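This report covers a two-part topic: how the chains meet, and which local features deserve a look. The structure is shown first and the description follows.

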Amino acid sequence: MQPTGSAAQYWKANVRLLLWCLVVWFVVSFGFGILLVDVLNNFSLGGYPLGFWFAQQGSIYTFIGLIFFYVWKMNKIDKEFDVHED
Amino acid sequence: MELQTMIWLVVGASFALYFGIAIWSRAGSTSEFYVAGKGVHPVANGMATAADWMSAASFISMAGLIAFMGYSGGAFLMGWTGGYVLLALLLAPYLRKFGKFTVPDFIADRYYSQGARVVAIVSLLVMSITYIVGQMTGVAVAFSRFLELDLFWGMVVGMAVVFSYTVLGGMKGITYTQIAQYVVLIFAYTVPAVFISLQLTGVFLPQIGLGSTMTGNEMYMLQKLDQVLVEIGFTEYTTNNNFGTLNMFLLTMSLMIGTAGLPHVIVRFFTVPNVRDARKSAGWALVFIAILYTTAPAVGAMAIYNLVKTVHTGETIAEETTLRYEERPEWMKNWEATGLLKFDDKNEDGRIQFYSDANKEFAATAEEQYGWKGNELSVNRDIMVLANPEIANLPNWVIALVAAGGIAAALSTAAGLLLVISSSISHDLLKGILKPDISEKNELMAGRIAMTGAILLAGYLGLNPPGFAAQTVALAFGLAASSLFPALMMGIFFKKMNKEGAIAGMLAGLISTVMYIFIYKGFLFIPGTNLFPDNAEYWMFGINPLGFGTIGAIINVIVALIVMKITAPAPAHIQDMVENVRVPRGAGGAVDH
């Protein structure tokens, strides 16, 4: 079975979405929490130096948001391409 | 009520609960035994996954690690949570659609090869067994410290409880017990944290408290902590970078990829009814994990602050205000008895001095100014969470709760690991390779026997822990990152990936990672057999063996791609299977071979 046009497009839409999600995943943790931590520590969030906050709090909150965003967006894409369950 | 009675009561009640669930949720079929009949609600599955994932290491050790590492502790926080993003996006939905029972099932079918299955089984067994040793040791320590039981009998009780719900209930029993265990452990973790946050900052939520001002003064908690630590010769808490940027990066990545490749975590996503729920369930798992993981930085920071303030009682550092040994608080005496907290009066002044004598400049000043002859207090970082309620003078029932929570964390992870060990033996090895025509009833029986054997082995290893228990955790994550994760991911995203490429990649990743760790940590971790000393001067390109899993994963992918290019692509029916796995519709109930 070669993928029909819509199956290929569905997969492309999925891959594009998850690449964007992975960019955010990388930026908040490896970017803000590690590579740019010294720069961001010049700013603060309440009593937290910002870079420190991303490394120990912020990246975790972002990860949660990211997964639920992906779930919501994927459910829409599933319906759009008529491959959803039930 | 007497503390000891209280602990017996709370721990006993939690055991009665787990035991009751075991009787109520007996497994009748292999599907119930391996994947709880694939009928677990995504929120419930998320909670069970969280309990499965959060081990004795998360509950007992992590906050202590952060307390002594400051900012660099973030590698563990980000690494052990970021892996769930990879799971939710790259693995869970597709593996659920595939619809089999175990991780080696997927590897064997996708790469149409028993050889690939064997490689997967071997790395799974090595990973899970190394991991379970740490859990059983945790169970034993918690029992002997809190129940004042002999270690042997503590282990026997622990094994009996685990036996009751894993062997009888299989995945079904484990799932419902884990939900109960999650509730116990999260209360045990957050209640003392809330109390301590209120004491120090007046803020209810520890996550906010850590970023707030201290009660009775205008300074921010973290600012004050930085100042206090620098005064006694340590580096600033918020900027303390132990690993260096490169290794912090590699370690974080290795823990993330490793998390997403751990079989006992992946298999949890086989238990939900459909693909949509598999995606959602990973999100819920992370929510429940994050409750503990965002509290841990506050627990760590506040514990180290309280510790320093207990020893240095004055506003500023001075000889006269260090704590007199005679006047040390009760909790110090308790932990001194276990040997995990030690005091050595080097300058014989009868007072406890706690500072960084590794900082030569400060040590010289301290000797000149105060007559200190070296740091006199050594604290095992594992006791920080367990001693926390005592340090903060919290009521007895909180201490009892922490005991029950530590035991719940260790038991829930041990159960999840026992399941993947027994299923890889009864399902992958016995049914998959040795005796494909085995009946369901016999397979279920074999699963239970394998589980019993695994419990006995784990108990034995817990009583006689190999000296390398702590280091093997790095090995488990390195193996998962360098072998299983890339093979699973490429199986879904690279349709043409063939068995030659996958097997060569897994072996290359596995062998390079194991070798790199052994070169610096010793062959099979036997002291003295390492080729080079384990420090930055000797590391290849300055790469810490702890973070090598990332490099192993890259090697895996590169080797797999090269081998794939020079061999025949995966056959058409396999490529069709991949097409099918990529689409959610049609993920039915349990599908066996």
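## Local backbone features and the chain interface

Asp82(A) is partly exposed, with a relative accessible area of 46%. The residue sits in the segment after helix 3 of chain A. Asp82(A) is not a glycine, yet its phi is positive, at about 55°. The model is a predicted one, and the phi value is computed from that model.

A positive phi also occurs in chain B, at Glu348(B), where the value is near 50° in a residue other than glycine. Glu348(B) belongs to the loop between strand 1 (341–343) and helix 15 (360–370) of chain B. With a relative accessible area of 71%, Glu348(B) is exposed.

Another loop residue of chain B is Asp437(B), placed between helix 17 (396–434) and helix 18 (440–463) of chain B. Asp437(B) is exposed, its relative accessible area being 65%.

**Interface of chains A and B**

How many residues of each chain take part in the contact between chain A and chain B? On the side of chain A there are 45 residues, and these are in contact with 54 residues of chain B. The size of an interface is often expressed as the accessible area lost when the parts come together. Here the area buried between chain A and chain B is about 4400 Å². Carbon and sulfur atoms give 70% of that area.

Between chain A and chain B the count is two salt bridges. One of them joins Arg279(B) to Asp78(A), with the closest N and O atoms 3.0 Å apart. Across the same interface, 13 residue pairs are in polar contact, both residues of each pair being at pLDDT 80 or more.

Which elements of chain A each supply at least two residues of the side that touches chain B? They are helix 1 (5–35), strand 2 (48–49) and helix 3 (50–80) of chain A. Helix 3 of chain A gives the most, with 18 residues. By residue class, the side of chain A that touches chain B divides into 30 nonpolar, 11 polar and four charged residues.

**Salt bridges**

Side chains of opposite charge can pair when their charged atoms come close. Over all chains the count comes to nine salt bridges.

| Residue pair | N to O distance |
|---|---|
| Arg279(B) and Asp78(A) | 3.0 Å |
| Arg117(B) and Asp105(B) | 3.4 Å |
| Arg324(B) and Glu327(B) | 3.5 Å |
| Glu330(B) and Lys333(B) | 4.0 Å |

Arg117(B) and Asp105(B) meet through their side chains at 3.4 Å, N to O. Arg117(B) lies in helix 7 (residues 114–146) of chain B and Asp105(B) in helix 6 (residues 103–110) of chain B, so the pair ties together parts that are 12 residues apart in sequence. Are Arg117(B) and Asp105(B) buried or exposed? Both are buried.

The pair Arg324(B) and Glu327(B) has its salt bridge at 3.5 Å, N to O. Arg324(B) counts as partly exposed, at 39% relative accessibility, and Glu327(B) is exposed, with a relative accessible area of 52%.

Glu330(B) and Lys333(B) form a salt bridge at 4.0 Å, N to O. These two residues are three residues apart in helix 14 (residues 330–338) of chain B, so about one helical turn separates them. Glu330(B) counts as exposed at 52% relative accessibility, whereas Lys333(B) counts as partly exposed at 33%. Elsewhere, salt bridges that share partners join Asp105(B), Arg117(B) and Asp428(B) into one network.

**Confidence in chain B**

The mean pLDDT of chain B is 85, and 94% of the residues of chain B reach 70 or more. Where in chain B is confidence lowest, and where is it highest? The lowest value belongs to helix 2 (residues 30–35) of chain B, at a mean of 75, and the highest to helix 21 (residues 548–566) of chain B, at 94. Over residues 589–593 of chain B the pLDDT is below 50. Beyond near neighbours in sequence, that stretch has 17 contacts in the model.

How values were computed. Residues numbered from 1 in each chain as written. Chains lettered and ligands numbered in written order. Heavy atoms only, no water. Contact = heavy atoms within 4.5 Å. Buried area = accessible area lost by both parts, 1.4 Å probe. Polar contact = N/O pair within 3.5 Å; in protein donor to acceptor, adjacent residues only side chain to side chain. Helix = DSSP H or I, 4+ residues; strand = E, 2+ residues; numbered from the N terminus. Nonpolar A, V, L, I, M, F, W, Y, C, P; charged D, E, K, R; others polar. Buried < 20%, exposed > 50% of the residue type's maximum accessible area, 1.4 Å probe, protein only. pLDDT = per-residue confidence, 0-100.
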